[in-house]
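User: I would like to go through this model with you. Could we begin with the terms and then turn to the details?
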Amino acid sequence: AVNQISTKKEASVRRCCRVLGQRKASIYYKHKRKNEDAQIAAMLKGKAIEQPNWGFRLLFHWCRNQGKPWNKKRVYRIYKAEKLNLRSPKARKKIKRVAINPLPAEQINQGWSMDFLSDVLLSDERKVRVLNVLDECSRKVLLSFAAPSIKARKLVKLLQELITQKGKPDYIRCDNGPEFISRVLEKFTQENGIEIRFSQPGKPTQNGLVERLNGTQRKECLNLKYFKTVQEVQRDLDIWWNSYNFDRPHSALGYLTPQQFIDKNQNLYFKAVAA
C-alpha cells in the first residue's frame, strides 16, 4: 500500500509511512527465513544420512559447532518437519504371569524344575547350552544334556524320553525362555496332562532349586576346565551329575545324597493320575 501511494502521489516513502502510521523498516525488510530454513534442512538431512543414529541434540550441537547461531526451537521445528526423528523400537509385549506357589513338591517325582545353562567352547568360541532337569522333592538331577542348540522340538523329545524312564510328573516349573513358552511344549504338556508353572518375570527365586543347581554345576564342573568339543562337555556332565546324585551330601536333605533320600523315602513316590 505504501509503495502504491508513493508511486501515484509522487510522495516519498518516508512521508507515506508517517501518514499511514507504518514503520519504514518494514518496507525495506526482506524475508530470509525460507532460504535459511532450506539451509538448515539441508545440513540436518546431510548429517542424518551420514550419522543415522544421531538424535536432535547431537545434530543441533553439531550445527552450533559449525558456527551456525540458529535458535534451538527453530532447528527442532525443521528437524520434525523433515521427519528426522529417530524411530523408537516397539516395546515387546510383556508376559504377565500370576504368582505361583514357590514351595517345592512334597513327593518324589511330583514336580520337576528345568532351566538352561550356557558355556563356551575353547576351540571356536561356540556356545554350548546345557538343559538341567531336577526333581524338586529329592533334589535328584534327572537330566543334564549339552548341545550347541536345544530348540523346542528337541526339548519335547528329551522330556518324552525322561517321562518314559521316570514316569509323568504333576507339573514342571520353568522360567519364560523362548523354548519354554513355545506352542510345541504347550501342546505336549496338555496332551500329557502336565501343568507348566512359569516363574514371574524378574523373579528367578521362584525357580530357585534349579538355579542353585546351575550354580553348583558351574562351580564344580564347567568352570574347572576349558572344553574343546560338546562331547567333552557331555562326558564331564555325566560324571558330575552321577557324583551329585550318589556321592555328594545335600544340606536340604539332612546331608543325605539325593539317591539315599529316595531309597529312604520310597513311600513318598508320587503316583501320576492318567490324563
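Analyst: One definition comes before the rest: two strands are said to pair if DSSP finds at least two bridges between them. Please note that the model is predicted.

User: Which residue in E5 is the bridge partner of Cys174?
Analyst: The partner of Cys174 in E5 is Phe198. Strand E5 covers residues 195–198, and E4 and E5 pair in the parallel sense over four bridges.

User: Are the faces of E4 covered or open?
Analyst: Both faces of E4 are covered. Tyr171 and Arg173 are buried on one side, and Ile172 and Cys174 are buried on the other.

User: Changing topic, where does Gln110 lie?
Analyst: Gln110 is in the loop between helix H6 (72–81) and strand E1 (111–120).

User: Why does Gln110 count as buried?
Analyst: Gln110 counts as buried because its relative accessibility is 16%, and the cut-off for buried is under 20%.

User: What is Gln110 in contact with, leaving aside neighbours within four places in sequence?
Analyst: With those neighbours left aside, Gln110 is in contact with Ala105, Asp135, Pro169, Asp170, Tyr171 and Phe270.

User: Finally, how many helices and strands are there in the protein?
Analyst: The protein has eleven helices and five strands. Of its 275 residues, 41% are buried.

Note on methods: Residues are numbered from 1 along each chain as its sequence is written. This is a predicted model: local features need pLDDT of at least 70, side-chain atom pairs count only at pLDDT 80 or more; totals for chains, interfaces and linings use all residues. Side-chain values use heavy atoms; hydrogens and water are left out. Helices (H or I, at least four residues) and strands (E, at least two) are DSSP runs, numbered from the N terminus. Buried means under 20% relative accessible area, exposed over 50%, partly exposed in between (1.4 Å probe, protein chains only). Contact means heavy atoms within 4.5 Å.
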